[in-house]
Structures are given as structure tokens and as C-alpha cells.
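The sequence and the model are shown first.

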Amino acid sequence: MRAKISYAVTAAVLVFYFVLVGSRGVMLIQSGTLLTVTFGVAVLVLPVIGVWFLWKNTQFVRRANALAAELDAEGGLPVDELRRTPGGRVDRDSADEVFARRKAETEAAPGDWRTWFRLAVAYHDARDTPRARKAMQRAIALHDGKPVRTA
């Protein structure tokens, strides 16, 4: 729940920033000189890119959460079997062991979105966020029946 609140607060702050920057861009354009119109258009590009990025990330999070809910209803969510350090961090060797099992599971059933979801969780536990995201994107694509590009 804390992650959802953090995401919502961050998104709200970003939207406020986009509105603020966008209004400055519009003000520059309204000035009417060649220089201010050029700067105004350039300033408006930033909020457009930011809104697009925020929208795509929000879609990704919602789809991943929907897959998690479906997998939970099936009883297929991965169990947290990781050892932790006294400080509460995941033990690296433990994460590597679980990752090796998840990778083998995915290689045995490459067309099953469930194995890709569990592999994404294993990548996340191993602190490999880019690969975790790619594995989750593949799980979402397989779940939605979309063609999946091979790497």
C-alpha cells in the first residue's frame, strides 16, 4: 500500500510540474516574438514527453498488478523463500538460487506468462531492474496474446 501512495504522490507532483512548465511555455508563445515562440515550443516538449512517460509507466504498473492478482487467485504467486541479512536486505546468494530455478522454469515453458511473471520477480529480487521490467513486459504480452519479439 505504501508503494501505491508513493507512486500517486510522485505522479501528482509530476503533473503539477507539467502544468507549471506548460503554462510557462504558453506564456512564452503568447509573447509573440520569434525567439519567445521558439523557446515556448521547446519548453512545451518537456511536459508532453513527461506525460507520455508517466502514462506508459502507469499502464505498465496497472497491467503488472492485474497479472499479480490473477496469479494470486490461481495460487501461483511465488512464495518469498529468500534469506535476508540482519538488516532485512535480500541475501544475494539466496536470490541467485531462486533466480536459477525461475530461469529454468521459464526455459521449460517459454510461452507461459506465469513463468515470465515469476522470472520478473526473481530479477527484481536480484536487483536487476531492467531485466525484471523486460520479463514483466513479456509476461504482459503473452497474457494479452500479443506477439513477442525474441531478444
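The text below covers a helix pair, then one further helix and a residue within it.

The model is predicted. Helix H1 spans residues 2–31 and helix H2 spans residues 34–74. Their axes come within 8 Å and cross at roughly 160 degrees. Because angles over 145 degrees count as roughly antiparallel, H1 is roughly antiparallel to H2. The crossing of H1 with H2 is left-handed.

Helix H4 has 13 residues, and from its first C-alpha to its last it reaches 18 Å, close to the 18 Å expected at 1.5 Å a residue. The buried residues of H4 include Trp 113, Trp 116, Phe 117, Leu 119 and Tyr 123. What covers the buried residues of H4 includes H2, H3 and H5. The residue ranges of H4 and these covering helices are listed here.

| Helix | Residues |
|---|---|
| H2 | residues 34–74 |
| H3 | residues 92–108 |
| H4 | residues 113–125 |
| H5 | residues 129–144 |

Arg 118 lies in helix H4. Is Arg 118 buried or exposed? Its relative accessible area is 14%, and buried means under 20%, so Arg 118 is buried. Leaving out residues up to four places away in sequence, Arg 118 touches Leu 71, Gly 76, Pro 78, Arg 102 and Glu 105. Arg 118 and Gly 145 are 27 residues apart in sequence, and their C-alpha atoms are 18 Å apart in space.

Terms used. Residues numbered from 1 in each chain as written. Predicted model: local features only at pLDDT ≥ 70, side-chain atom pairs only at ≥ 80, totals over all residues. Heavy atoms only, no water. Axes fitted to C-alpha atoms, helices over the stretch in contact; angles between N-to-C directions. Helix = DSSP H or I, 4+ residues; strand = E, 2+ residues; numbered from the N terminus. Parallel < 35°, antiparallel > 145°, perpendicular 65-115°, else oblique. Left-handed = near helix turned anticlockwise from the far one by under 90°. Expected span 1.5 Å × (residues − 1). Buried < 20%, exposed > 50% of the residue type's maximum accessible area, 1.4 Å probe, protein only. Contact = heavy atoms within 4.5 Å.
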